[in-house]
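Here's a quick briefing on a few local features worth a look.

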Amino acid sequence: MKISKIDVYLTQIPFRKPFRFADTLLEEMETVFLRLEDGEGNCGWAEVFPGNRPVLTAAWSAGVFHALQECVLPQLGKTLSIDSGPQLSEKLEKIRGNRHAKGLLDLAYWDLYSKRLGKPLHKAIGGTRKEIELGLCFDRYDDLPPFLEDLKRAIAEKYKRITLKIRPGWDLQILGIVRNEYPMQMIQCDVEGALLMERHSDLIYRFDDFFPSLLEQPLPASEYVGHAMLQDGMRVGIGLDESITTLHQAQIAIDLQSAGTFCLKPGKVGGLTEAKAIHDACGAAELSCYSGCDGATSVGYRFVAALAALERFTLPTDYLRLDEILVADPGMPLHPIAKPDEKGNQRMVLELWDEPGIGTEPDLGLIEKLSVAKCSWVSE
């Protein structure tokens, strides 16, 4: 597949109200879009949002844009043909790290590839589900009553899983309140690697008292052995997120039995090609996955939803109420519906699309209007 042009946009999209990301309040979302053209009238799109600053990972959106402008696009040469995801990865292997930047190209390739096939993205990557179950994430609130109201709404709307971000002063007490109020609700705890075994072991082991479905990333990303110790000594299952950005890291975690679940995010792991490889490794090891999302417009979220259609993604997928979060959205939001499961219990799901690729053509005019920087690569 010959590529004729690549455009990259760094955008700033205002939030309707301050949005908490990695315990930092943001007034706007800086996110990066990439548009890939094949010269035959077909376009592939992608989006990543690692954050406005490098507070959750080493990546941030402006850094991703400049990495593409100064390093990744020049690495492509004067002409570009992409025949597969692994072949694209080989072209970019000289560039260390910068997985979000390289992942944008991979994601856009998969959108373009599936459009040329005439298949929806989730089917083109091997997905087997027609619908996916959903969960909502709740970060720290300044006041308890608004949190309890929002939580009540989420449970009334039948979201299967509720994730609580664990912060200093917003930890076991909040978990206890939620568990006491909703004793049967599926609750997941996300620590984002903030605890240390030598300082917080008493706190970590107390999570067992509240029966969460998963304790996600309690220790720093490099603590594969520490997570294995917790996995062996706790009732709650351990999930890894920040620890898993490559297939190699996933294999280390699998060999050490560091976790029973991996949270995979398309941008964080460098695209769908690497995400599929990690998924396949999880299948061989009989581990579960879930598709995560820290933030995105509906363009980026469709990659999250497509990934969740793969077989090993057995846990609810992160969902964002984008209509209520963003002032503008260049894509078409996916709206969930409540449907009964095999036992008749209602749960909130997304029915996946039938249209080719990500199922929507982003609003290029709106993206250009929201852009604060643009760079391009053109084939000679």
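Where does Phe211 lie? Phe211 sits in the loop between helix H7 (197-206) and strand E9 (214-216), with helices (H or I, at least four residues) and strands (E, at least two) being DSSP runs numbered from the N terminus. A heads-up: this is a predicted model, so local features need pLDDT of at least 70 and side-chain atom pairs count only at pLDDT 80 or more, while totals for chains, interfaces and linings use all residues. Residues are numbered from 1 along each chain as its sequence is written, and side-chain values use heavy atoms, leaving out hydrogens and water.

**Positive phi values**

- Phe211 has a phi near 50°, a positive value in a residue other than glycine.
- Phe211 is exposed, with a relative accessible area of 59% (exposed is over 50%, buried under 20%, partly exposed in between, using a 1.4 Å probe and protein chains only).
- Ala22 also has a positive phi, near 50°, and isn't a glycine either; look for it in the loop between strand E2 (5-21) and strand E3 (24-37).
- Ala22 is buried, at a relative accessible area of 17%.

**Helix H3**

- Helix H3 (residues 99-117) runs for 19 residues and spans 26 Å from first C-alpha to last, close to the 27 Å expected at 1.5 Å a residue (the expected span is 1.5 Å times one less than the number of residues).
- Of its 19 residues, 15 are buried, so H3 is largely enclosed by the rest of the structure.

**H7 against H8**

- H7 and helix H8 (residues 224-233) pack at about 25°, with their axes 13 Å apart (axes are lines fitted to C-alpha atoms, for helices over the stretch in contact, and angles run from 0 to 180 degrees between N-to-C directions).
- That angle makes H7 roughly parallel to H8 (roughly parallel is under 35 degrees).
- On the H7 side the contact is made by Met197, Ile204 and Tyr205, and on the H8 side by Met229, Leu230 and Gly233 (contact means heavy atoms within 4.5 Å).
- Sorted by class, that contact has 5 nonpolar, 1 polar and no charged residues (Ala, Val, Leu, Ile, Met, Phe, Trp, Tyr, Cys and Pro count as nonpolar, Asp, Glu, Lys and Arg as charged, and the others, Gly among them, as polar).

**Ile204**

- Ile204 is in helix H7 and counts as buried at 0% relative accessibility.
- Leaving aside neighbours within four places in sequence, Ile204 is in contact with residues including Leu215, Leu219, Leu230 and Met234.
- Ile204 and Met234 are 30 residues apart in sequence and 9.3 Å apart in space, C-alpha to C-alpha.

Definitions and conventions. Angles under 35 degrees count as roughly parallel, over 145 as roughly antiparallel, 65 to 115 as roughly perpendicular and the rest as oblique.
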